[in-house]
Amino acid sequence: MAGETSWINHCIDDKVKDVSDFNSFSELSDEANKGVCGVSVDLILPDDLLERIIAYLPVASIFRARCVCKRWNEIISSKRFLWNFSHVVSQKPWYFMFTSSNEPIGYAFDPILRKWYSIELPCIETSNWFIASSSGLVCFMDNDSRSKLYVCNPITKDCKKLEEPPGLKFSDYSALALAVNRVSHGYTISIVKSKQVLGNFFQWDLSIYIYDSETMMWVTSWTEVLTGWRGGDESVICDGVLYFLIYSTGGGTPENRHGLIMYNLSSRSSHGLLIRNFIPVPCPLTCGRLMNLKEKLVMVGGIGKQDRPDIIKGIGIWVLNGKEWQEVARMPQKFFQGFGEFDDVFASSGTDDLIYIQSYGAPALLVYDMNQKYWRWSQKCPVTKRFPLQLFTGFCFEPRLEIAP
């Protein structure tokens with residue numbers, strides 16, 4: 001299929017998978033190299049310097065480099081190379097797009113080489129599972145009992161099953177978040193569960209559960225009954241603080257339909273959380289998507305019409321500074337209209353400097369670069385919509401080789 005690149009399973013130390021069949025780099029030109037006498041890099045560079053150079057290549061190019069010669073394959077397979085790779089500040093995040101409403105199959109978009117790769121995700125059983133990612137690791141939680149949790153590296157396929165979290169299995173709403181320490185590679189997982197109080201639509205039990213990979217234990221961090229608000233499925237951890245969206249249930253007259261709660265994971269106070277740590281959203285939203293970009297909380301939201309806040313008229317991007325929202329970008333109308341019929345809710349995720357936005361109704365993918373301040377369509381995903389109600393969604397993750405759950 002045009003634009004598709006296969007992901008072949010070869011191992012680096014039985015962990016790192018290989019890629020083959022990559023097309024030649026578009027920036028390389030055989031014509032430009034005619035008449036140039038090549039000198040083998042092997043004759044010039046010592047192993048340690050070659051390791052450092054290769055470590056700064058895009059992940060997909062590193063897999064291709066293994067095929068150059070035996071020496072390069074041995075270098076890339078070494079533990080010392082993984083150590084060098086771990087000191088590369090960041091790889092641009094890939095975006096995995098599910099192409100089935102049931103099966104966890106799809107393609108991953110590489111924004112550096114602007115290619116789609118066919119890869120298989122480990123552990124996940126259906127595409128409607130809860131997903132959170134951070135610094136090369138991805139956490140999956142099933143959408144039925146919400147008791148199956150896995151943490152994996154989608155590039156190396158390393159996977160670990162976690163103990164079942166405490167609390168109610170069948171909550172009405174759940175929000176999953178993951179934060180990885182880049183130095184120690186330890187990680188924290190949070191689950192915010194919300195369940196309606198029996199016989200009272202305006203009151204909702206809300207609980208926060210925290211998992212620490214070092215202790216390998218869950219703790220019930222906080223519980224409270226909310227009145228007029230409920231939890232949802234949006235949360236993220238930034239710089240040791242858990243943020244999650246809450247939604248109005250119609251009790252009273254809140255200014256907006258959405259609100260934000262911030263919860264310091266280190267203090268873990270359990271009283272008066274909603275009153276002291278409630279932050280209103282910047283404008284009426286049809287939906288909000290939270291993400292961690294360089295330890296700053298970023299929200300991508302559908303902007304509702306003034307007279308009909310449930311009807312989307314545009315998409316904005318905000319950064320939270322303290323407890324104040326700062327709008328940093330608004331999607332130009334030509335891109336907004338480029339999605340065709342855009343639903344009031346949509347998929348969006350991001351990390352580092354990139355934000356991905358996707359309509360549920362089509363495989364079109366829009367990328368916004370926070371650093372360069374530009375909007376750009378991805379290369380066309382190698383899949384077509386087969387029937388009118390087919391849905392598309394996805395998530396982004398940073399491709400890393402050295403990190404394991």
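Two strands are taken to pair if DSSP finds at least two bridges between them. The model used throughout is predicted.

**Exercise 1.** Determine in what order the strands of the sheet that contains β11 are arranged, and which strands stand at its edges.

*Solution.* 
Step 1. The sheet is open and consists of four strands, arranged as β11-β12-β13-β14 with antiparallel pairing.
Step 2. Each of β11 (173-180) and β14 (217-227) has a single partner strand, so both stand at the edges and one side of each lacks a neighbour in the sheet.
Step 3. On average, neighbouring strands here are turned by 15 degrees against each other, direction ignored.
Step 4. One of the pairings is that of β11 with β12 (residues 187-197), antiparallel and extending over eight bridges. Within β12, Thr-188 is the residue opposite Ala-179.

**Exercise 2.** Identify the cysteines that are joined by a disulfide, and state where in the chain they lie.

*Solution.* 
Step 1. The criterion is a pair of cysteine sulfur atoms within 2.5 Å.
Step 2. Cys-123 and Cys-159 are joined, with an S to S distance of 1.7 Å. The count of disulfides by this rule is one.
Step 3. The link connects distant parts of the chain, as the two cysteines are 36 residues apart. Cys-123 belongs to the loop between β6 (115-118) and β7 (130-134), while Cys-159 belongs to strand β10 (residues 159-161).

**Exercise 3.** Classify Cys-123, Cys-159, Cys-69 and Cys-238 as buried, partly exposed or exposed.

*Solution.* 
Step 1. A residue is buried under 20% relative accessible area and exposed over 50%; in between, the term is partly exposed.
Step 2. Cys-123 has 23% relative accessibility and therefore counts as partly exposed. Cys-159, at 34%, is also partly exposed.
Step 3. Cys-69 has a value of 24%, so this residue is partly exposed.
Step 4. Cys-238 has a relative accessible area of 2% and is therefore buried.

**Exercise 4.** Describe the sheet that contains β10, including its order and its edges.

*Solution.* 
Step 1. Four strands form this open sheet, with antiparallel pairing and the order β7-β8-β9-β10.
Step 2. The edge strands are β7 and β10; each has a single partner strand, so one side of each is without a neighbour in the sheet.
Step 3. Five bridges connect β7 to strand β8 (residues 137-141) in the antiparallel sense. Ser-133 has Val-138 in β8 as its bridge partner.

Note on methods. Residues are numbered from 1 along each chain as its sequence is written. This is a predicted model: local features need pLDDT of at least 70, side-chain atom pairs count only at pLDDT 80 or more; totals for chains, interfaces and linings use all residues. Side-chain values use heavy atoms; hydrogens and water are left out. Axes are lines fitted to C-alpha atoms, for helices over the stretch in contact, and angles run from 0 to 180 degrees between N-to-C directions. Buried means under 20% relative accessible area, exposed over 50%, partly exposed in between (1.4 Å probe, protein chains only).
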